[in-house]
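Here's a quick briefing to read alongside the sequence and the 3D view. Keep the picture open and find each piece as it comes up.

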Amino acid sequence: MRILHITNNYPTDKLPIFGIFVKEQIESLVLHGISNDVMFINGRENGKLEYIRAVFRIRRNLSKENYDIIHCHHALSSLCLILSGKSKENRVVVSFQNDPIHELGKVVFQFIKSNTNAWIFKNNSKLITDEYSFYLPNGVNTKLFKPMDRDNARHFLGLNKETIYILFVSSNLIRRQKRYDRFTETLKILKEKYNYNNIKELRLINTSREKIPYYFSAVDLHLLTSDFEGSPNSVKESLACNTPVVSTNVGNVEEILRGLDNNYVAKNNSAEELAFLVNLVLKGKKINSADHLIKLKLDMKSVAEQLTNIYKKISK
């Protein structure tokens, strides 16, 4: 089976982890006999005109090449395909990174849906309404993200062994949806109300992929403070490293953490509540969350198998 992936999220030399989950998902399909071509729309570095140029690139490419499936990653990529006039001539699946309501809105989603064949959601969206709407979060590379000795990880990163580190994650810059202000307010409350005088933030932003597991393994906790998400990879990668998570109630985090001790999802998403939950985790026992991830079939191998089955279903 031959697949063309159209994506505006993909790693570059300047932004090594931007869209890394897209790249890794594509690579994981090879073991299932999938042949992959990638068309990257680098709008982040080349500007918005890159999307207009992409419309003509897609048209030229699909006038010469034939694919069993075209997989668009993100709503913007699918819009470029639709505007090229080639979406109706091909079988098309679209992956939304956030709930479409937060990506480009419900009206745009309905337009995309009327011009494509199947839709993959990272969270259990209310927009999943038929047999060609699929709930499939990104998988975790469990060969890269796995439990590691905390002291070794801290030594590698040059961190203090005695400090309590709380991890903040954003791919290549601090996006507004990540609510860094809420994160810093939570740490302030932990210091002033709960007397954590040795607590510090550790920010993971635009870091080389090989170093990232060390960050997750070095910290005491990953705190996610976003206003909205789809299925945040940082939560799953943290669990794969046996590092606990406290999160706002976004995307599918509540579903991922359900039944897992000493990991919490806030109810009102306030900094006060998040600080209370962080305190519970720091005083609780560390648990094996890596096995929990495997049981949920959120490892990359399991997700690749499910994605391959989606391709087979919509190619008929």
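This is a predicted model: local features need pLDDT of at least 70, side-chain atom pairs count only at pLDDT 80 or more; totals for chains, interfaces and linings use all residues.

- Five strands make up an open sheet, in the order S8-S7-S9-S10-S11, and their pairing is parallel.
- In general, strands in a sheet are joined by backbone hydrogen bonds, and the pairing can be parallel or antiparallel.
- S8 and S11 (264-265) are the edge strands, each pairing on one side only.
- Zoom in on S10 (residues 245-247) and you'll see it pair with S11 in the parallel sense, over 2 bridges.
- Which residue in S11 is the bridge partner of Ser247? Look for Val265.

**Helices and a buried asparagine**

- Helix H12 (residues 271-283) lies across S7, S8, S9, S10 and S11, and runs at about 170 degrees to S10.
- Back in helix H10, you'll find Asn233.
- Is Asn233 buried or exposed? Asn233 has a relative accessible area of 15%, so it counts as buried, the cut-off being under 20%.
- Leaving aside residues up to four places away in sequence, Asn233 touches Phe21 and Asn138.

**The nonpolar cores**

- The largest nonpolar core has 30 residues, and those with the most contacts inside it are Leu167, Phe216, Val235, Leu239 and Leu257.
- The elements giving two or more residues to this core are strands S7 (164-170) and S8 (199-205), plus helices H9 (212-218), H10 (233-240) and H11 (253-257).
- H9 gives the largest share of this core, with 4 residues.
- A second, separate core has 25 residues, among them Tyr67, Leu79, Ile82 and Val94.
- Now click on Leu239: not counting residues up to four places away in sequence, its contacts include Val245, Ile256, Leu257, Leu260 and Leu293. Leu239 also touches Asn263, Ser289 and Ala290.

**The cysteines**

- How many disulfides are there? The count comes to 0 disulfides.
- Cys72 is buried, with a relative accessible area of 0%.
- Cys241 is buried too, with a relative accessible area of 2%.

Key. Residues are numbered from 1 along each chain as its sequence is written. Side-chain values use heavy atoms; hydrogens and water are left out. A disulfide is a pair of cysteine sulfur atoms within 2.5 Å. Buried means under 20% relative accessible area, exposed over 50%, partly exposed in between (1.4 Å probe, protein chains only). A nonpolar core is a set of buried Ala, Val, Leu, Ile, Met, Phe, Trp, Tyr and Cys residues joined through side-chain atoms within 4.5 Å. Contact means heavy atoms within 4.5 Å. Two strands pair if DSSP finds at least two bridges between them. Axes are lines fitted to C-alpha atoms, for helices over the stretch in contact, and angles run from 0 to 180 degrees between N-to-C directions.
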